[in-house]
Amino acid sequence: MKVFVCIKQVPGVAEVKIDVTTGKLIREGVPSIINPVDKHAIELALQIKEEQGAEVIALSMGPPQAEEALREALAMGVDKAYLLTDKEFAGADTLATSYTLALAIRKILQESEKNEKYLVICGLQAIDGDTAQVGPELAEELNIPQITYVQKIEFKGDKIIAESALRQDEVMVMETRLPALITVLKEINIPRFPTLIGIVDAYEKKEVVYLDTRQLNADKRKIGLTGSQTQVWKIFVPQQKGEHIKLSGSVKEMVKQLCQYLKEDKIL
Amino acid sequence: MDFSITKKQQMIRKITREFAETYIAPVAEESDKNSQLDPNVFKLIKEMNYFGICIPRKYGGAGLHNDTISFAIIVEEIGRVDASWAITVGVHCSVVAYPLYIFGTEEQKQKFLIPLATGEKLGAFALTEANAGSDAAGIETSAVLDGDEWVLNGSKIFATNGGIAKTLLVAAKTGQRGRKSIFSVFIVDTDTKGFSVGVKEDKLGVRASNTSELVFQDVRVPKENVLGGVGNGYQIVLKILDFGRILIAAQCVGLGQAALEASVKYANEREQFGRKIGKFQGIQWKIADMGCAIESARLLTYKAAYMCDHGMDYGLASSMAKLVASEAAMQATHYAVQIHGGYGLMKAYQVERFFRDAKVAEIYEGTSEIQRMVIANRLLRQTF
């Protein structure tokens, strides 16, 4: 079995500042980190490897410096890492990203034994984009079932049973056959620290394989900015306008209060 | 010339910092108060392979035996949150496991080094005695050959890790040549009959680190447990101390760094006379001096480590690093308490602990005065 983990390198959010004049993120001097929930995805993959036996492969699309995030994944115990990097991948939205990731997964599967079962694990969402779309879109690209918001997973032969917290206040228990894709919540586990031996091996014994447009045989209309259905038009810090009032109590009480405020403001 | 550290070393620093902040920092104050190392942290440090930093893989270590800079970085990062853990791990690695790797026979490595490197057993180095500290020639603990065994008698004091160690390196007198004593270093298992732990010291600083008296009463040690040959103790001890000084220097760089960071944070928060105290020149000068002293110490420490890794004679560099770093830590922690004012005296603020911890570093592993003697002796013999 192969377990693919898709990770993203993001700016350490606690230290991100915004340039008030341009409204852009100041990235200089801000350390990059593995997107926090992706570490839980890596941990899950490693636990599956330890319990079931599997080859764990980490994938990331990003600039060459994202290699550092993959090295950290290798240090945690991931077996192999692939960095999807090419100038032509730049500016990709979630759709172009999932298309590119799917190409890499297919390429790796083609090179391995036929019909090997596999599981793809993604963190629920990245702290920079916050879309939570890449996982589901990647499952569609690969044409495999998906279970999102997973907080617990169990193996039963070539099936998995997953607890999903997709809806608030309820847990859905779902079963699917492999291959499948899951997106996980941070509640699923506590990620391990890379050991010293793990770090040394990540740099001396393991490698990060670079894949570009040509190696992936990518359709140029589907990657990068060209392949993106959405484009970032503007990034800005929302200005706080006026005051806001927080209502509390039972629904009845809150409705009563709300009506009173609306009347006071002559809206009703 | 290249001052940058490698990607691997950067990752080691990043992970060690995260680990230290996550698991060691939260219990540091409690450990200091109780004069006791946290057993859970012990387990985690073992899992992280920090007990085998300077030892090759084949002997159970992490394989960084040619990367003393990484060793310094790890000790520095642990020292940044807790000097007691830095010294506990550092002593084990630098003056017990590493000498066993350098001077040990293959049999000794198989038997004693592997459990040390994996962290299964903790190590201590027993040199100091009531009447012999820096003047190692005054050692009175004796070893007398009786058949196939050496019989050790005497007592050692101030042994870091002494009370919790399972494997000891013990310096003992094995002969006399004219007026000069001849020493040897013995590997002693603390389960050996006749060995006992005496007083556990209650100290000013690095309180969580175990410092104990060790008593040897007819302790019988097999002949094959002599490290580096009978009569070579003096040279071996000097080599052990050279490497150990890199450890203390690195610990002090971390400690000084912690004092600087706490001071910067406080100076940017605390307001008096309508402005942040960091706006006052009196505070700014202290911050600048702290920064310079710590950076100088860091460079000297890494240089000593670099020289060690490149097979150069690093004795002078490690003495300089130890002296400069321990005094930088003392100055930085002293300033940190001063910048914090009344709060700096309070246990609730870490700088109070940092200040006490730094004082110890000017004394152990050769006092500042001894370092100056060593450095001056070297310089006075040098041709420029």
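# Briefing: chains A and B

In this predicted model, 20 residues of chain B are in contact with 15 residues of chain A. Together the two chains bury about 1,600 Å². Chain A holds an open sheet of 9 strands. Chain B supplies the elements that give two or more residues to the lining of the second largest pocket.

**Interface between chains B and A**

- The size of an interface is often given as the accessible area lost when the parts come together.
- For chain B and chain A that area is about 1,600 Å², with 68% of it on carbon and sulfur atoms.
- Three residues, K8(B), M11(B) and R57(B), supply 36% of the area that chain B buries against chain A.

**Sheet of chain A**

- The strand order is β11-β10-β9-β12-β8-β1-β6-β7-β13, and the pairing is mixed.
- From one strand to the next, the twist averages 30°.
- Helix α1 (residues 36–52) of chain A packs on this sheet. The strands touched by α1 are β1 (2–6), β6 (55–61), β8 (118–123), β9 and β12 (180–184) of chain A. The direction of α1 makes about 155° with that of β8(A).
- Strands β9 (residues 146–156) and β10 (residues 159–164) of chain A pair in the antiparallel sense, over 6 bridges.
- V150(A) has S164(A) of β10(A) as its bridge partner.

**Backbone points in chain A**

- Most residues other than glycine have a negative phi, and most peptide bonds are trans.
- The peptide bond from L178(A) to P179(A) is cis, with omega near 0°. P179(A) sits in the loop between β11 and β12 of chain A.
- D130(A) has a positive phi, near 60°, and is not a glycine. The loop between β8 and α4 (134–142) of chain A contains D130(A).

**Second largest pocket**

- The volume of this pocket is about 1,400 Å³.
- Its lining has 48 residues. Nearest the centre are S134(B), L241(B), R245(B), E365(B) and G366(B).
- The elements giving two or more residues to the lining are α4 (83–103), β3 (149–160), α6 (233–269), α8 (315–340), α9 (350–361) and α10 (368–381) of chain B.
- Helix α6(B) gives the largest share of the lining, 9 residues.
- By residue type, the lining divides into 24 nonpolar, 13 polar and 11 charged.

Methods. Residues are numbered from 1 along each chain as its sequence is written. Chains are lettered from A and ligands numbered from 1 in the order in which they are written. This is a predicted model: local features need pLDDT of at least 70, side-chain atom pairs count only at pLDDT 80 or more; totals for chains, interfaces and linings use all residues. Side-chain values use heavy atoms; hydrogens and water are left out. On a 1 Å grid over the protein atoms alone, a cavity is a set of points where a 1.4 Å probe fits but cannot get out, and a pocket is an open set with protein on both sides within 12 Å along at least five of seven lines; lining residues have an atom within 4 Å of a point. Grid points are joined across faces, edges and corners, and a volume is the space filled by probe spheres set on the points. Helices (H or I, at least four residues) and strands (E, at least two) are DSSP runs, numbered from the N terminus. Ala, Val, Leu, Ile, Met, Phe, Trp, Tyr, Cys and Pro count as nonpolar, Asp, Glu, Lys and Arg as charged, and the others, Gly among them, as polar. Two strands pair if DSSP finds at least two bridges between them. Axes are lines fitted to C-alpha atoms, for helices over the stretch in contact, and angles run from 0 to 180 degrees between N-to-C directions. Contact means heavy atoms within 4.5 Å. Buried area is the accessible area (1.4 Å probe) that two parts lose on being put together, summed over both.
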